[in-house]
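Dear colleague,

Please find below the sequence and structure that I am handing over to you. My notes on what was found follow directly after it.

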Amino acid sequence: MAVALTAAGIDNARFEARLLLVHASGLTIEQLVARGTDAVPVAVAEAARALTARRVRREPMAYILGEREFWGLPFKVTPAVLVPRPDSETVIEAALSLLPERERAWRILDLGLGSGCLLLTLLREYPMAHGVGLEASPAALAVAQANAEGLGVAGRAALRAGDWREPGWLDGLGGPFDLVVSNPPYIETAALDRLMPEVQAFEPRLALDGGSDGLAAYRTIAAAGPKLVTSGGFLVVEGGEGQIPEISALFSRAGLRPLAPWKDLGGIERVVAAGN
Ligand SMILES: C[S@@+](CC[C@H](N)C(=O)[O-])C[C@H]1O[C@@H](n2cnc3c(N)ncnc32)[C@H](O)[C@@H]1O
């Protein structure tokens, strides 16, 4: 398996081969290691071969395994949702530092739920909070709903179908909110074809395409910000590399007060927050 993965240009081929074998066999890593040189049952070998073939075609590991960890929590993922990224944990860090009181009944909105990783993590971190999530893709919404149930926060999460490109999209959301988070699509349309194969061929275009300059969603969110966010509340968004100054400027022009950006683990400015 590792040989085939290496030949397909995959880094960490041995590690991924082991994960695929764990998935195919239903055993833990420890059980696999303990079985060492035992013959692999035919059914397991066939399942492992099929999983390897998918990975060789550069399907993301998270879609093959059906799960990805985010902020230490397990999120179900399907090809309908963006695979949650470690960089997006910076949104959670920023939110927790801006609203440090964990036991308050904050009202939180997430624009573009995907797997629900942002909103549902925040509902776990703020056990008295209630959240609303908006998502244009019905298939993604179903994944977020399943995750809300799996993480035990469905009773505090109202997940809605909706599209911020449609007129009147704010109506019925129930704002204003103490905290509005979003990791909207932010790749420039012309750059989509240059993304790595895992992203370009498998992840949903609706989750990636940010329009000609990558900033289309931020313009809409900025314009809605003063209505969506309570006085004293915050809007917290993730942006692409190099986009944070322009997003801050959009927020300022909309009458919000942008704060100094947060960097991700790679030292790249990743998140900007603005007060209302
Ligand atoms: C970059 S993904 C982020 C998903 C998730 N919040 C995360 O951080 O992994 C953006 C999400 O916004 C949704 N989306 C894109 N355009 C939208 C729109 N106009 N209205 C509502 N949701 C939209 C996409 O379907 C996708 O699930």
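Asn 12 sits in the loop between helix H1 (2-7) and helix H2 (13-25); helices (H or I, at least four residues) and strands (E, at least two) are DSSP runs, numbered from the N terminus. Although it is not a glycine, Asn 12 has a positive phi of about 55°. Asn 12 counts as partly exposed because it has 13 C-beta neighbours inside 10 Å (buried means 20 or more other C-beta atoms within 10 Å of a residue's own, exposed 12 or fewer, and partly exposed in between, with C-beta atoms placed from the backbone).

Please note that this is a predicted model, in which local features need pLDDT of at least 70 and side-chain atom pairs count only at pLDDT 80 or more, while totals for chains, interfaces and linings use all residues. Residues are numbered from 1 along each chain as its sequence is written.

Trp 71, in the loop between strand E1 (67-70) and strand E2 (73-76), also is not a glycine and has a positive phi of about 55°. Trp 71 is partly exposed, with 19 other C-beta atoms within 10 Å. A further backbone feature is the cis peptide bond from Gly 175 to Pro 176, with omega near 0°; Pro 176 belongs to the loop between strand E5 (157-161) and E6.

The chain is divided into domain 1 (2-57) and domain 2 (66-275), with bounds that come from an automatic or database domain assignment. Their C-alpha centres lie 34 Å apart.

Helix H10 (residues 216-228) has 13 residues and should span 18 Å at 1.5 Å a residue, which agrees with the 18 Å between its end C-alpha atoms (the expected span is 1.5 Å times one less than the number of residues). The buried residues of H10 are Ala 217, Tyr 218, Ile 221, Ala 222 and Gly 225.

Finally, 23 residues surround the ligand, the closest being Gly 112, Gly 114, Ala 136, Asn 183 and Ala 207 (the C-beta atom, placed from the backbone, lies within 6 Å of the molecule). Helix H7 (117-125) and strand E4 (130-135) each supply at least two residues of this shell.

With kind regards
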